[in-house]
Amino acid sequence: MLRNFTFFGAPVGLFFTMDKYLLAGSWLDSGMFMQNVMIAAQCYGVASCAQQAWCEYGGIVHEVLNIPENQMLLSGMALGYEDLSAEENKLRTERAAAQEFSIYHRD
């Protein structure tokens, strides 16, 4: 968990913010933007890791980076070259089958 706060040793750390007044749909827009950053990085051989852990310390991040109060911290993100021997890169979580969370309608 603590390695989140060194961006897992990555040379680049990003923070994503959003205006506090924006509605729920903007959360979706922001998530898609972040995903596109991650996909673009992968196209260049750069690995990424979205990091919600930073949000637990949003006040500190705001203060250190002088982020305006009208912005909320959505996520951090590490960008770098994947170290396959790193313990965090060995973690594999279970995934539910699509049938467990989807409803299919047919004509």
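**Close-ups of a predicted model**

View 1. Take Leu 65, which belongs to helix 2, residues 58-65. Leu 65 is partly exposed, since its relative accessible area is 45%.

**View 2. Helix 2 has a buried side and an exposed one.** Gly 58, Val 61 and His 62 are the buried residues of this helix. Looking down the axis of helix 2, you'd find its buried residues within an arc of 100 degrees, so they line one face of the helix. Gly 59, Ile 60, Glu 63 and Val 64 are on the other side, and they're exposed. And what covers the buried residues? Strand 1 (12-19) and strand 3 (71-80) are included in that cover. Just past the end of helix 2, Asn 66 takes a positive phi of about 55 degrees.

**View 3. Here's the largest nonpolar core.** Its eight residues are Phe 16, Met 18, Met 34, Ala 41, Val 46, Leu 74, Met 77 and Leu 79. At least two residues of this core come from each of strand 1, helix 1 (24-43) and strand 3. Which of the elements gives the most to this core? That's strand 3, with three residues.

**View 4. Now for Leu 74 and its contacts.** Leaving aside residues up to four places away in sequence, Leu 74 touches Phe 16, Thr 17, Met 18, Trp 27, Ser 30 and Cys 55. Apart from the largest core lies another one, with six residues, including Trp 54, Ile 67, Leu 73 and Ala 78.

Notes: Residues are numbered from 1 along each chain as its sequence is written. This is a predicted model: local features need pLDDT of at least 70, side-chain atom pairs count only at pLDDT 80 or more; totals for chains, interfaces and linings use all residues. Side-chain values use heavy atoms; hydrogens and water are left out. Helices (H or I, at least four residues) and strands (E, at least two) are DSSP runs, numbered from the N terminus. Buried means under 20% relative accessible area, exposed over 50%, partly exposed in between (1.4 Å probe, protein chains only). The arc is that of the directions from the helix axis to the C-beta atoms. Contact means heavy atoms within 4.5 Å. A nonpolar core is a set of buried Ala, Val, Leu, Ile, Met, Phe, Trp, Tyr and Cys residues joined through side-chain atoms within 4.5 Å.
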